[in-house]
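Welcome! Take a moment to turn the model around before reading on, and keep it in view as we go.

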Amino acid sequence: MDPLHTTQSGLPESEATAEARRLLDEWAGKPVRQHPTSYRDDTTPPAFGTTPPVPQPDHRIVPAWAAGIAVASIGVGVGITGIGCGAWLVLQGLASVSLAGVLMVTLPFAGLAMAATAIGGAISKARAAVTKNVYEGPVTYHTEIHNNTTTRGAFFARTRNDIH
């Protein structure tokens with residue numbers, strides 16, 4: 001039997017109404033509790049001596065921009081530390097490098113560069129046009145110089161030469 005979904009109650013209608021009235025009257029007979037919304041202590045504090053401790057709650061709220069700067073500075077510090085550790089590892093590795101090791105590592109790159117240069121030179125020579133310019137006849141060279149000199153000023157003189 002499901003008490004929430006039943007259509008018939010265990011009590012007749014008149015007894016159920018009387019029980020409901022009794023419960024409501026019992027609830028209404030209890031005094032209403034009033035909760036104070038504020039409190040003021042009118043006692044004067046002592047002029048000297050110890051005073052009782054007063055709780056002083058601290059509710060600081062950090063602005064969003066300050067929290068953002070703090071997080072960003074932590075991120076930058078971690079990033080720089082990572083870069084520094086990586087550089088230290090690379091430099092430690094380079095400190096233990098020998099000449100033979102460097103030559104063995106760079107030898108394939110040097111071979112590829114030499115092959116690319118040779119292929120590029122061959123393509124360049126194959127594509128170059130064959131031209132042979134032969135000039136026959138007299139060659140004359142004619143030069144005319146027209147120099148115009150102007151000087152301005154007395155103490156701080158300025159000379160200008162125009163050559164045409």
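## A first tour

Let's begin with Val-97, which sits in the loop between helix 2 and helix 3 (99-127). This is a predicted model, and in it Val-97 counts as partly exposed because its relative accessible area is 40%, which falls between the 20% and 50% cut-offs. Val-97 also belongs to a nonpolar surface patch of about 440 Å², together with Val-90, Leu-91, Leu-94 and Val-102. Helix 2 (residues 64-95) gives the largest share of that patch, 3 residues.

Next comes helix 3. It has 29 residues and spans 41 Å from its first C-alpha to its last, close to the 42 Å expected at 1.5 Å a residue. Along the way, helix 3 bends by about 40° at Thr-106, and a proline, Pro-108, follows within four residues.

Now look at the loop between helix 1 and helix 2, where you will find Arg-33. Is Arg-33 buried or exposed? Arg-33 is exposed, because its relative accessible area is 70%, over the 50% cut-off. Arg-33 and Gly-79 are 46 residues apart along the chain, and their C-alpha atoms are separated by 61 Å.

How confident is the predictor in each part? The mean pLDDT of the protein is 81, and 92% of its residues reach 70 or more. The table gives the two ends of the range.

| Element | Residues | Confidence | Mean pLDDT |
|---|---|---|---|
| Helix 1 | residues 13-28 | highest | 91 |
| Strand 2 | residues 158-163 | lowest | 74 |

Definitions and conventions: Residues are numbered from 1 along each chain as its sequence is written. This is a predicted model: local features need pLDDT of at least 70, side-chain atom pairs count only at pLDDT 80 or more; totals for chains, interfaces and linings use all residues. Side-chain values use heavy atoms; hydrogens and water are left out. Patches are made of residues with over 30% relative accessible area and no salt bridge: like charges are joined within 9 Å, nonpolar side chains (Val, Leu, Ile, Met, Phe, Trp, Tyr) within 5 Å. Accessible areas come from the Shrake-Rupley method with a 1.4 Å probe; for residues, only the protein chains shown count as cover. A salt bridge is a side-chain nitrogen of Lys or Arg within 4 Å of a carboxyl oxygen of Asp or Glu. Helices (H or I, at least four residues) and strands (E, at least two) are DSSP runs, numbered from the N terminus. Buried means under 20% relative accessible area, exposed over 50%, partly exposed in between (1.4 Å probe, protein chains only). The expected span of a helix is 1.5 Å times one less than its number of residues. The bend at a residue is the angle between axes fitted to the seven residues ending there and the seven starting there. pLDDT is the predictor's confidence in each residue, from 0 to 100.
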